[in-house]
Amino acid sequence: MIRQIVVYLVLLLNFGNYRLGNLNNQFAPEKARNQYQIPWRKFEFFEEKLGGGKCKIPEEISGKIECCSSGRGKLVIGCDDGTVSLLDRGLNFNFGFQAHSSSVLFLQQLKQRNFLVSIGEDEQISPQQSGMCLKVFDLDKMQPEGSSTTSPDCIGILRIFTNQFPQAKITSFLVLEEAPPILLIAIGLDNGCIYCIKGDIARERITRFKLQVDSVSEKGNSSVTGLGFRLDGQALLLFAVTPNSVSLFSMQDQPPRRQILDQIGCNVNSVTMSDRSELIIGRPEAVYFYEVDGRGPCWAFEGEKKFVGWFRGYLLCVIADQRNGKNTFNIYDLKNRLIAHSLVVKEVSHMLCEWGNIILIMTDKSALCIGEKDMESKLDMLFKKNLYTVAINLVQTQQADAAATAEVLRKYGDHLYSKQDYDEAMAQYIHTIGHLEPSYVIQKFLDAQRIYNLTNYLENLHEKGLASKDHTTLLLNCYTKLKDVEKLNVFIKSEDGVGEHKFDVETAIRVCRAANYHEHAMYVAKKAGRHEWYLKILLEDLGRYDEALQYISSLEPSQAGVTVKEYGKILIEHKPAETIDILMRLCTEDVDLAKSGTSDGAYLSMLPSPVDFLNIFIHHPQSLMDFLEKYADKVKDSPAQVEIHNTLLELYLSIDLNFPSIFQANDGIDFNRQAAPAMSRAVSNGKLIVNGKNSYIEKDTLERREKGLRLLKSAWPSDLEHPLYDVDLATILCEMNAFKEGLLYLYEKMKLYKEVIACYMQSHDHEGLIACCKRLGDSGKGGDPTLWADLLKYFGELGEDCSKEVKEVLTYIERDDILPPIIVLQTLSRNPCLTLSVIKDYIARKLEQESKLIEEDRRAIDKYQEDTLTMRKEIQDLRINARIFQLSKCTACTFTLDLPAVHFMCMHSFHQRCLGDNEKECPECAPEYRSVMEVKRSLEQNSKDQDRFFQQVKSSKDGFSVIAEYFGKGVISKTSNGPTGTVRSGSSSGF
């Protein structure tokens, strides 16, 4: 107890008010007292290697070991006989060489290059010069010495002591590799000085300077016992330790500036550097850590520190116990406050770290190799002792991977769960999120009594963005079962850094909706932009139709169009007028503004089409008709106007259109329900016959048909070849619904005149029939005269007295000479109710007309016969009689005719000089003759065109006259199948 008090007082005096780096920023005495009082747990996290960890230094090393170094996969040992030996991983002798002639005092194996730097005694050149030399060996370059031994190339030798740097005992040595090949060598002396050598030793480009650590007055106890370099950014710092002080030199300053960090120091071999470039010194009462600004934390370990080292975050200490005289080698895990390994050892001469092991060399040339166990072995050891907190701290401090840490936390959680400490178990399970399958934890806490723990786990799962849809469902169900509206609000309204929810939106909406938390579901839907869910809740669950319409109006046009397509049926059923207004805004948005531009058609094509919304009016045709009428009135050149007109025609002409709005407006009387079974409809002559109770239907049907007829006419203007609707569909609709006026209009526009009069014939409308034929049968106005023939046939087959109509029809047939009289007689003879008096006048007129024509033909025949007889006589006279030419003047020049002269049979005479080269035909008669021959050739060619001949016969009123004409022109008078003979026709012979 007295010893504990003494240690505490020493710490109190030494530490003063220095910071010790503990978490609560406490003073060093309290820190040291706690460390001393709280016992450190001991574990065997290390094990002995190389045959139980005990082995011997090879016999090839015969001298006393003075110094050691390690690096680049080898161990370097210097002896008092000047030899340097290299050992491999198994501490087997690799090779050795004579480095110095006497003793090797210090060695350092460089890391960046395979260089070995040594300090040793060589032969003195003169008594005034010391034999202490520094040598640099290149271990990659071996030079043979004799036949059996080799040694590395010594690339540099340097005398340490000169006139400016007097000789003293070397107590410490350290080499820093700067930018190769520059080295910075620090040599500590027993006089409190540090000799520094900087440069390329191989090329002897060096600079020397001296640092004074302690003053001359303290020379008796001022030997430099330890050195340590530290790179702090671009600044190079050098720690120097003596038994009386700890100093820090700033090497970038010229000259280097000294800073005293502490007034206490330590002995040789009790100085080392941590992997964080902290200076560590060991004193009998504690181990101290130093930063650039002073003393840091300390750890109170009782006993003389013969050796202090650092290995992978562990503090290594060889402590001499003054009570029993034994040496103990301890490995401290400072972060976890445990002793990772403890072992009683012999007298240690050197301590090294290489190959991931700790190597202790004893004074008797025995060696101890200690290596760290793998993480799994250490954890198994802790798990068997239920030291889960230690295991967690261990994996965290040793920077194990996240999966290994999560596995330790899981086992700790399972341990706490088995002890029914559910809150602490859940705290561990929460730390495993992201590595442990959530279902493993959820299954353990599904019991109703542990729903609070389960809720906590699910909240953290969502917080880290690792929750699935099922996890969201489970968490929301937990909130609803707990009726914790406050937490539900926090969860629903929480967002991550980018404004997105940390849960599956659709799942949250569905669960809240099922639990009747409609406001929460609507909040999530609106926040996430899930408009379809928001409207589904408003319409299907809450019935707030006005609010739904306002929400749709606030959306972008594209989104509004999608939502209206999905929920338009409900809206049309309850709010038809407001829904139609929204549709009009969607389909005609800024259409007036667009009309003022040049891209009207392109703009309209970008807007939704009314055709896209037809399905929402499936049970409300009246609303559909109102919508399409408004759209058609506002937009005149819509790309979908054909489809719109087709739909409107179907609505206008349909007989079975329902009108719930009319019935509901009629004092609440639902005629549609009460009178529908008794409703009777009949169509006669295109007129709708209804009962008196259905006067509303009758009136509206007539109005709709008027609209339909107006649409048929307005959508087919005279300047368009095709209408702005499907004419076939319109025709079918008119026929199906017995809409005579529309059908007649369509037939007439399509020039189907025979179908027009067929409609009148079916209705037995004789006046209309005759009036129609007068309008459509006038060939002078582009009509079809054959309609009168069809009309006559109709009256001939009527079977009733229609004398008045027949007489009127015969008038037009006679005027246009449409039918021969014989056809008229045959047609009317089929009607037994008609008498001969009906056609008496017609037949008389036709006979008189035919008689006149016959008489004219006879006179023409007589004339043609006389002309023919005259021509034949003239031809005969030319053949047998001579022709006397008595002209005395030339026909061409009218001068007196003299020889040589040419006379033609046509009685024309010419001077030969007036004819030129053309003496074979009369210049006066040749043009007329050629025109006649051209007509004849043309007729002969036409006779070969049979299609033209039959087309003329078919299209002519009197086909016989066409055939007679062809015979009269001599075109088809030759009936021989052989080749046609050539008839020579030339001009009269000249004399």
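Two strands count as paired if DSSP finds at least two bridges between them; helices (H or I, at least four residues) and strands (E, at least two) are DSSP runs, numbered from the N terminus. This is a predicted model, where local features need pLDDT of at least 70, side-chain atom pairs count only at pLDDT 80 or more, and totals for chains, interfaces and linings use all residues. Residues are numbered from 1 along each chain as its sequence is written, and side-chain values use heavy atoms, with hydrogens and water left out.

**Exercise 1. Work out which kind of ring pair Phe289 and Trp310 make.**

Step 1: Rings of Phe, Tyr and Trp (its six-membered ring) pair if their centres lie within 6.5 Å; planes under 30 degrees apart are stacked, over 60 edge-to-face, and the rest tilted. By this rule there are 25 aromatic pairs.

Step 2: Apply it. The centres of Phe289 and Trp310 are 6.1 Å apart and the planes sit at 80°, so this pair is edge-to-face.

Step 3: Locate the partners. Phe289 belongs to strand S22 (residues 287-291) and Trp310 to strand S24 (residues 304-311), so the pair ties together parts 21 residues apart in sequence.

Step 4: Check burial (buried is under 20% relative accessible area, exposed over 50%, partly exposed in between, with a 1.4 Å probe and protein chains only). Phe289 is buried at 4%, and Trp310 is buried at 18%.

**Exercise 2. Which residues touch the most other members of the largest nonpolar core?**

Step 1: Define the core: buried Ala, Val, Leu, Ile, Met, Phe, Trp, Tyr and Cys residues joined through side-chain atoms within 4.5 Å.

Step 2: The largest core has 158 residues, and Phe329 and Ile358 touch the most other members. Helix H28 (residues 786-796) gives the most to this core, with seven residues.

Step 3: Look around Phe329. Leaving aside neighbours within four places in sequence, its contacts (heavy atoms within 4.5 Å) include Leu316, Val318, Leu343, Met351 and Ile358.

**Exercise 3. Compare two salt bridges, Arg544 with Glu547 and Glu629 with Lys707.**

Step 1: Set the cut-off: a side-chain nitrogen of Lys or Arg within 4 Å of a carboxyl oxygen of Asp or Glu. The structure holds 24 such bridges.

Step 2: Take Arg544 and Glu547, whose closest N and O atoms are 2.8 Å apart. Arg544 is partly exposed at 30%, and Glu547 is partly exposed at 27%.

Step 3: Now Glu629 and Lys707, at 3.3 Å from N to O. This pair links distant parts of the chain, with Glu629 in helix H19 (residues 621-634) and Lys707 in helix H23 (residues 695-714), 78 residues apart. Glu629 is buried at 17%, while Lys707 is partly exposed at 28%.
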